[in-house]
Amino acid sequence: MAIAKAERLMNLALCLLGTRRPLSKRELRGSIEAYLEAGSDDSFNRMFERDKDDLRELGLVIETVENLDGDTGYLARRDSNRLPPITLDAEEAAALGLAAKVWQQARLAGAASGALQKLRAAGMPEAEDAYEVHSALEPRIPVHEAAFEPLMLACRDRRPVTFDYRKANSAAPEQRQVEPWTLECWRGHWYLAGWDRGRGAERVFRLSRITGKVRSRAGAFTADVPDVVTVRETVESWAGETATRTARIRLRAGAGYPLRSRAISVRERGDGWDELEIPYGHGLDAWLVEFGPDVVVEEPADLRADVVDRLRAVAKD
């Protein structure tokens with residue numbers, strides 16, 4: 001169905017761009033096969049109006065002209081739908097090149113490389129790539145989760161989805177119905193922010209905890225989509241960036257530099273360990289587990305218990 005609609009939109013756009021005079025609905029219906037197959041005039045009219053609105057939403061400027069005989073015609077003038085020349089300086093070109101490298105592990109790698117080649121063919125300057133000289137340094141956003149691509153498309157198309165999700169403290173997954181807003185990468189992990197219909201509130205889901213397939217559902221969103229800043233703040237909060245308390249941990253000397261950079265205070269114990277006071281927010285237990293035997297939680301007790309539970313779950317796997 002999606003392919004058929006895309007083909008229909010493309011044919012309509014070509015007809016409107018290729019004509020020198022306004023075309024009536026009757027002429028457009030006779031020129032596009034999908035419209036000829038419409039069961040009735042009402043069905044065709046609804047299809048045409050939706051397609052026209054979709055093309056306008058995509059940025060095509062469609063003019064409506066009333067002829068002398070009273071018929072309404074449509075056309076898209078080429079001069080109104082021509083993009084201005086793209087000019088980029090060296091710094092902008094370098095930023096685009098860096099962005100293309102970031103996606104080389106994902107399905108977006110082909111699209112990113114292709115776009116970069118087209119821009120270079122159009123005259124974009126070749127920027128010096130600092131990462132070519134020092135090949136050991138290479139920006140990447142790892143995408144290993146099968147849920148990434150369907151969720152990315154669902155966010156783009158504003159389509160509700162359902163998937164099975166296993167929380168960190170749950171033994172079995174449960175089905176969630178979500179209106180996806182955006183995907184955010186935080187400390188090497190991907191998160192989905194969206195509206196959880198079952199709970200009637202915004203939620204953030206870590207993609208690595210999604211089990212099975214992500215399935216799209218018909219229908220429009222029922223909740224307003226917040227702006228990007230709000231969504232990003234939500235992701236950061238659920239990823240452990242919004243601290244409400246402080247925690248005291250022991251950290252092996254010479255290890256855990258990301259933790260040290262966030263520490264409120266650091267005290268050398270003299271036994272190969274340092275004592276740190278760090279901000280404590282949602283998700284800190286998951287982050288501490290990543291440092292393995294180099295971290296020991298002193299307090300609070302609930303954080304220590306959460307870290308121990310996570311380590312035991314990892315040991316069972």
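Reader: Okay, contact means heavy atoms within 4.5 Å. Leaving aside its neighbours within four places in sequence, which residues is Arg21 in contact with?

Author: Arg21 is in contact with Glu27, Tyr74 and Leu75. A word on the source: this is a predicted model, where local features need pLDDT of at least 70 and side-chain atom pairs count only at pLDDT 80 or more, while totals for chains, interfaces and linings use all residues. Residues are numbered from 1 along each chain as its sequence is written, and side-chain values use heavy atoms, with hydrogens and water left out.

Reader: Thanks! How far apart are Arg21 and Tyr74 in sequence and in space?

Author: They are 53 residues apart in sequence, and their C-alpha atoms are 8.2 Å apart in space.

Reader: And where is Arg21 found?

Author: Arg21 is in the loop between helix H1 (2-18) and strand S1. Helices (H or I, at least four residues) and strands (E, at least two) are DSSP runs, numbered from the N terminus.

Reader: Why does Arg21 count as partly exposed?

Author: Because its relative accessibility is 46%. Buried means under 20% relative accessible area, exposed means over 50%, and partly exposed is in between (1.4 Å probe, protein chains only).

Reader: What does S1 pair with?

Author: S1 pairs with strand S3 (residues 72-75) in the antiparallel sense, over two bridges; two strands pair if DSSP finds at least two bridges between them. Leu23 stands opposite Tyr74 in S3. The order in this open sheet of three strands is S1-S3-S2, and its edge strands are S1 (23-24) and S2 (63-66).

Reader: Tyr74 again! Which aromatic cluster is Tyr74 in?

Author: Tyr74 forms one cluster with Tyr35, Phe44 and Phe48. Rings of Phe, Tyr and Trp (its six-membered ring) pair if their centres lie within 6.5 Å; planes under 30 degrees apart are stacked, over 60 edge-to-face, and the rest tilted.

Reader: How many aromatic pairs are there in the whole structure?

Author: A search finds eight. One of them, Tyr35 with Phe44, is edge-to-face, at 5.2 Å centre to centre and 75° between the planes. Both of these residues are buried.

Reader: New topic: what joins S6 to S7?

Author: Six bridges join S6 (residues 189-196) to S7 (residues 201-206), and the two run antiparallel. Trp195 has Glu202 in S7 as its bridge partner. Their hairpin has four residues between the strands, and Gly200 takes a positive phi near 60° there.

Reader: Last one: which residue lies over the face of Trp273?

Author: That is Arg250, at 5.4 Å from the ring centre. A charge sits over a ring if NZ of Lys or CZ of Arg is within 6 Å of the ring centre and within 35 degrees of the ring normal.
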